[in-house]
Amino acid sequence: MASLLQPDRVLYLVHGEKKIRSPLSTLYFCRYCSELRSLECVSHEVDSHYCPSCLENMPSAEAKLKKNRKRICNQLNENFRCANCFDCPCCMHTLSTRATNIPAPLPDDPSKTAMKKAYYLACGFCRWTSRDVGMADKSVASGGWQEPDNPHTQRINKLIEYYQQLAQREKLERDRKKLARRRPYMPLAFSQHTIHVVEKYGLGTRLQRQRPGAPITSLAGLSLKEGEDQKEINIEPAQALDEVEPLPEDCYTRPINLPEVTSLRQRLLQPDFQPAGASQLHPKHKHLLIKRSLRCRKCEHNLSKPEFNPTSIKFKIQLVAVSYIPEVRIMSIPNLRFQKECQVLLTLTNPVENITHVTLVGCEEGDPEDINSTAKVMVPTKELVLAGKDAAAEYDELAEPQDFQDDPDVVAFRKSNKIGFFIKVVPQREEDGDVTVSFKIRHDFRNLAAPIRPSEEGDAPAEAIWLTHHVELSLGPIIA
Amino acid sequence: IPIKPSGQKGTCANIAAGAVVCVESEIRGDVTIGPRTVVHPKARIIAEAGPIIIGEGNLIEEQALIINSYPENILPDTEGVEPKTMTIGINNVFEVGCVSQALKIGDNNVIESKADLGKNVILTSGCIVGACCQVNTCEVIPENTVIYGSNCMRRVQTERPQPQTLQLDFLMKILPNYHHMKKTVKGTSTPVRN
């Protein structure tokens with residue numbers, strides 16, 4: 001029976017650029033627009049970077065300015081990789097540092113040996129160790145491990161500087177043209193996120209809007225200060241060679257040593273070396289993960305903002321739909337029979353603290369939102385009243401139970417802020433597949449967000465507006 | 001400390017002196033256990049289709065199952081079936097919940113938790129079979145192989161896993177304080193063949 005509580009049995013329709021049907025637990029509610037929002041109609045922004053194993057934080061703004069601009073290639077590396085933690089090159093698990101005792105001669109007296117600690121990196125999952133690739137044991141527990149240098153670093157740095165200059169020049173020219181048309185009230189943070197013209201070395205408007213942290217936009221942001229002379233950077237074009245290194249003579253006859261061959265995934269995770277042999281697989285620093293914040297695209301308010309501290313899972317702002325919209329859940333389904341009326345028990349939960357009035361309305365013929373239903377549904381016509389959510393109710397013995405005078409044909413049970421009610425379903429199609437019904441749920445919502453304009457005459461701040469949502473339920477197959 | 005011998009004559013377990021075998025473990029059939037081997041409570045060593053010979057320094061943890069069973073298509077009562085001996089070498093570790101039916105296991109292997117070795121595999125030395133990996137291919141696993149991951153990927157490691165001497169010493173001291181042990185035979189024992 002737990003399968004009836006699965007979130008994807010009950011879907012709410014979101015009106016956005018695309019009509020998305022999704023369970024209430026995955027949706028957000030913008031209380032300024034008073035509308036449901038799904039993950040596809042909000043803009044995702046990077047809040048901060050953190051390492052998943054050592055939980056060290058690195059805010060994005062600081063990360064960009066951290067290192068000397070001359071070593072740009074390494075800078076981009078260190079932006080998004082942790083300084084202390086390593087990934088196993090073989091299975092991508094996090095490496096742990098292990099210690100062994102080795103006898104080492106004392107510095108004062110070479111004839112005596114003392115036990116010194118030597119540290120090496122080891123993977124607990126695939127048992128890879130740093131000794132497998134010939135990395136010597138270090139005498140310090142952390143900070144001694146270096147990634148090998150890329151022989152092409154200099155050339156890549158030069159190319160990046162050249163293209164960065166080019167991108168800046170083009171951006172300046174474009175900004176000069178756009179100056180007259182730029183909207184004055186758009187916040188500065190946004191001009192980096194919503195770039196309306198395709199940049200030549202950028203990724204296109206839509207992609208740029210979804211990933212504002214992409215390297216090309218961050219390069220454009222690192223601009224030289226206005227009065228500095230812009231050094232002309234010239235690059236030599238790449239030279240094509242006629243002669244290529246010949247293959248080794250035993251290329252076709254040498255038997256393959258399979259454990260030594262790296263897999264594609266192992267190879268491509270190290271794009272600067274792409275080693276073909278497992279004995280050249282060096283560990284890389286661990287990639288950072290991001291904390292992201294969500295923003296409504298219409299009113300630019302934040303819908304979800306996590307806390308800064310990586311060890312905290314709480315949110316500073318968390319406007320999730322389940323805390324504002326009453327949730328419909330399926331409680332029990334009888335055997336569904338073709339063209340026979342069945343009674344399904346649903347529950348409705350009130351997430352807010354004040355009393356909510358809910359009316360259910362069936363979908364009319366030709367409703368453009370009603371595309372998936374395969375059965376006729378008769379919903380209760382009377383208004384359902386839901387009590388407010390009261391966290392202290394179970395401890396308060398003296399409180400009188402509120403009397404709502406429920407119609408026993410409609411309301412099966414009532415328990416604090418939840419009621420169970422019946423709907424009648426007549427499956428219309430005999431085919432395989434789930435019986436799907438849909439209806440509209442209309443409820444009152446008190447907006448507790450601060451009004452933009454101060455209300456005159458001191459109105460009560462909570463004015464109810466009525467919201468309507470389209471709900472689809474998947475009731476399972478017909479049992480013949 | 002020793003409480004009772006297990007099984008009948010001719011099919012009793014020969015537990016060498018120095019082995020620590022908890023009485024809550026289930027040992028059925030003709031099983032020989034070498035010295036310095038530790039068998040935890042709730043481990044099961046079942047010699048159905050032939051004897052099992054376990055070497056020294058092995059560590060068999062809780063709910064591990066080492067079973068010498070009949071091949072699937074042969075009934076236990078069929079005549080003319082040769083009993084095959086299962087041999088397990090020294091310094092092996094059978095972690096919690098693993099199942100091993102492999103007939104030949106060498107030295108210094110580690111069979112991690114909930115791993116499943118079928119009848120057709122033969123482990124050499126220094127192999128590590130990762131947690132939850134099921135291996136039933138008809139092959140001899142080369143030395144120092146590590147089998148890991150949900151797809152049973154393999155790689156070769158450069159050094160074999162160390163014998164768990166510290167852990168064995170610790171257990172041999174502590175286990176008798178909390179559990180009763182099975183009775184050991186004095187001196188070396190030779191396996192009894194049917």
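**Ground rules**

Residues count from 1 along each chain as its sequence is written, chains are lettered from A and ligands numbered from 1 in the order in which they are written. Since this is a predicted model, local features need pLDDT of at least 70, side-chain atom pairs count only at pLDDT 80 or more, totals for chains, interfaces and linings use all residues, and side-chain values use heavy atoms, with hydrogens and water left out.

**Entry 1: where the chains touch**

I started at the contact (heavy atoms within 4.5 Å). It takes 10 residues from chain A and 11 residues from chain B. Next I looked up the buried area, which is the accessible area (1.4 Å probe) that two parts lose on being put together, summed over both. For chain A and chain B that comes to about 940 Å², and carbon and sulfur atoms give 50% of it. On the chain A side, Phe125(A), Arg127(A) and Asp132(A) supply 51% of the area that chain A buries against chain B, more than any other three residues.

Which side chains meet in a salt bridge here? I used the rule of a side-chain nitrogen of Lys or Arg within 4 Å of a carboxyl oxygen of Asp or Glu. One salt bridge turns up across the interface, and the partners are Arg127(A) and Glu112(B), at 2.5 Å from N to O.

**Entry 2**

I noted that chain B has one helix and 21 strands. Helices (H or I, at least four residues) and strands (E, at least two) are DSSP runs, numbered from the N terminus. Eight strands form an open sheet with mixed pairing, in the order S2-S5-S8-S11-S14-S17-S20-S21. Two strands pair if DSSP finds at least two bridges between them.

I then checked both ends. S2(B) runs parallel to strand S5 (residues 38-39) of chain B, with two bridges joining them; Val20(B) has Val38(B) as its bridge partner. At the other end, strand S20 (residues 145-148) and S21(B) run antiparallel, joined by four bridges, and Val146(B) partners Arg155(B). The hairpin of S20(B) and S21(B) has four residues between the strands, and Gly149(B) takes a positive phi near 90 degrees there.

**Entry 2: two residues in chain A**

Is Thr153(A) buried or exposed? My cut-offs for relative accessible area are under 20% for buried, over 50% for exposed and partly exposed in between (1.4 Å probe, protein chains only). Thr153(A) has 19%, so this residue is buried. Thr153(A) lies in helix H3 (residues 153-178), and a polar atom of its side chain is 2.5 Å from the backbone oxygen of Asn150(A).

Pro52(A) sits in the loop between strand S5 (42-50) and strand S6 (57-59) of chain A. At 33% relative accessibility, Pro52(A) is partly exposed. Leaving out residues up to four places away in sequence, Pro52(A) touches Lys286(A), His287(A) and Leu289(A). Pro52(A) and Leu289(A) are 237 residues apart in sequence, yet their C-alpha atoms are 6.6 Å apart in space.

Conventions. Polar contact = N/O pair within 3.5 Å; in protein donor to acceptor, adjacent residues only side chain to side chain.
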